[in-house]
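Try each task on the structure before you read its solution.

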Amino acid sequence: MKKKTAEKIYIFGTGGLSRVVCSIINSNNNYEIAGFIEQKSKKIKEKNCYSLDFFLKNFKNANIVIAIGENSIRKKIYKKFKNKTFSFPNIISKHAIISTETKMGHGNIIMSNTVVNTNSKIEDFCILNSSSLLEHDCSIKSFVNISPAAVICGGCKLDEGVFIGANST
């Protein structure tokens, strides 16, 4: 039997969040990290790092994850890719627990030990950090960042761009 070849993915960003995203991708084994994208190119761990301008001019139909923690910057970066032929898959740790009744958009990053309970909705490009808890019937708009160990109680609504600090309840 022939082994399925993993799809390639490019990571925008080279900081701490991108290292966590690399770890999730490598652990899940469902994508092959093909390179990184930054405002300006540089060399990262034997992987290619492309400048944003070069990438936009020379790549099509690529999978991208935007690994930038600051919500407003993540949104600005997304707007540069918008209306192009790129895909933004959700990157979800295999150690997260996501209810089957959860509705989720694209480009989200969900880290280890995160729990998302029933009937919650997560739009696009959100970050749910390690050990965060999103209880039942929550609605999370796009570009939200929920820090480690934060608890969002049932029925809460978070508007676009909201930041929830570590250990918040």
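The model used here is predicted.

**Exercise 1. Salt bridges**

Task: Find how many salt bridges the structure holds, and state for the pair Lys75 and Glu160 how far apart the closest N and O atoms are.

Solution. 

Step 1. The cut-off is a side-chain nitrogen of Lys or Arg within 4 Å of a carboxyl oxygen of Asp or Glu. The structure holds three such salt bridges.

Step 2. In the salt bridge of Lys75 with Glu160, the closest N and O atoms are 2.4 Å apart. Lys75 lies in helix H3 (residues 71-81) and Glu160 in the loop between strands E16 (157-158) and E17 (163-164), so this pair ties together parts that are 85 residues apart in sequence. Lys75 has a relative accessible area of 28%, so Lys75 is classed as partly exposed. Glu160 is also partly exposed, at 42%.

Step 3. Another salt bridge joins the side chains of Lys8 and Glu32, at 3.7 Å from N to O. Lys8 belongs to strand E1 and Glu32 to strand E2, so the pair connects parts 24 residues apart in sequence. The relative accessibility of Lys8 is 47%, which makes Lys8 partly exposed. For Glu32 the value is 35%, again partly exposed.

Step 4. Glu123 and Lys141 form a salt bridge as well, with the closest N and O atoms 3.5 Å apart. Glu123 is in the loop between strands E10 (121-122) and E11 (127-128), while Lys141 is in the loop between strands E13 (139-140) and E14 (145-146); the two are 18 residues apart. Glu123 is partly exposed at 21%, and Lys141 is partly exposed at 33%.

**Exercise 2. Helix H1**

Task: Decide which residues of H1 are buried and which exposed residues the face turned away from the buried side carries.

Solution. 

Step 1. Place the helix. H1 (residues 16-28) makes a right-handed β-α-β unit together with E1 and E2.

Step 2. Check the length. H1 has 13 residues and reaches 19 Å from its first C-alpha to its last, close to the 18 Å expected at 1.5 Å a residue.

Step 3. List the buried residues: Leu17, Ser18, Val21, Cys22, Ile24 and Ile25. Seen down the axis of H1, the buried residues fall within an arc of 165 degrees, so they line one face of the helix.

Step 4. Look at the other face. Arg19 and Asn26 are the exposed residues on the face of H1 turned away from its buried side.

Step 5. Identify the cover. The elements that cover the buried residues of H1 include E1, E2, E4, E5 (91-92), E8 (109-110) and E11.

Step 6. Leave the helix. Asn29 follows H1 and has a positive phi, near 60 degrees.

**Exercise 3. The sheet of five strands**

Task: Give the order of the strands in the open sheet of five, and state which residue stands opposite Leu128 in E14.

Solution. 

Step 1. The order is E5-E8-E11-E14-E17, with parallel pairing.

Step 2. E5 and E17 stand at the edges with a single partner strand each, so one side of each has no neighbour in the sheet.

Step 3. Within this sheet, two bridges join E11 to E14, which run parallel. Leu128 stands opposite Ile146 in E14.

Note on methods: Residues numbered from 1 in each chain as written. Predicted model: local features only at pLDDT ≥ 70, side-chain atom pairs only at ≥ 80, totals over all residues. Heavy atoms only, no water. Right-handed = clockwise from strand over helix to strand, strands pointing away. Helix = DSSP H or I, 4+ residues; strand = E, 2+ residues; numbered from the N terminus. Buried < 20%, exposed > 50% of the residue type's maximum accessible area, 1.4 Å probe, protein only. Expected span 1.5 Å × (residues − 1). Arc of directions from axis to C-beta. Contact = heavy atoms within 4.5 Å. Pairing = 2+ DSSP bridges.
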